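This report describes the strand arrangement of one protein model and the residues packed inside it. Please keep the sequence and the coordinates at hand while reading.

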Amino acid sequence: MAVVIVSLTLMSTPCWADGDQQVAVIANRDGKITAIYETSFQIDHKTYSLTPDAVILDRHGDPLTTSDFRVDIEVKYHLLKGTADKIDQIVLYLPL
């Protein structure tokens, strides 16, 4: 009997609990917010928008909202499968 263990380290994966359900964020891209618009924003000068159910967290795994977005904040994010500009998970690295 063979056991195969695969480990992918994309980033430290903060989690937060929503009732009994826990959501793990797997953010495989990183960058810096360079502009913020009414319904979208830019990371490294490329425009993105959030999915309606996007998970937004800080570096500790605490939930945030779009009102926490600021220009020059470092982020790690994940694109919705099959899209090039829809973010479904994002971690904001707010200044300490």
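The model is predicted: local features need pLDDT of at least 70, side-chain atom pairs count only at pLDDT 80 or more, and totals for chains, interfaces and linings use all residues. Residues are numbered from 1 along each chain as its sequence is written, and side-chain values use heavy atoms, with hydrogens and water left out.

**Barrel**

Strands here are DSSP runs (E, at least two residues), numbered from the N terminus, and two of them pair if DSSP finds at least two bridges between them. In the order 3-4-5-7-6, 5 strands close into a barrel with mixed pairing. On average, neighbouring strands of this sheet are turned by 60° against each other, direction ignored; the axes behind such angles are lines fitted to C-alpha atoms. Strands of a sheet pair through backbone hydrogen bonds, either parallel or antiparallel.

| Strand pair | Bridges | Direction |
|---|---|---|
| strand 3 and strand 6 | 4 bridges | antiparallel |
| strand 3 and strand 4 | 3 bridges | antiparallel |
| strand 5 and strand 7 | 6 bridges | parallel |

Strand 3 covers residues 29–36. Its residue D30 has K76 in strand 6 as bridge partner, while I33 is bridged to I43 in strand 4. A hairpin of 4 residues links strand 3 to strand 4. L57 stands opposite V91 in strand 7.

**Nonpolar core**

A nonpolar core is a set of buried Ala, Val, Leu, Ile, Met, Phe, Trp, Tyr and Cys residues joined through side-chain atoms within 4.5 Å. The largest one has 14 residues, of which I43, V75, Y77, I87, I90 and L92 touch the most other members. Two or more residues of this core come from each of strand 4 (41–43), strand 5 (46–58), strand 6 (74–79) and strand 7 (86–93).

**I87 and T51**

Contact means heavy atoms within 4.5 Å. Beyond its neighbours within four places in sequence, I87 is in contact with F41, I43, Y48, S49, L50, T51, A54, Y77, H78 and L79.

T51 lies in strand 5. T51 counts as buried because its relative accessibility is 10%, the limit being under 20% relative accessible area with a 1.4 Å probe, protein chains only. Not counting residues up to four places away in sequence, T51 touches L80, K86, I87 and D88.

How values were computed
Buried < 20%, exposed > 50% of the residue type's maximum accessible area, 1.4 Å probe, protein only. Axes fitted to C-alpha atoms, helices over the stretch in contact; angles between N-to-C directions.
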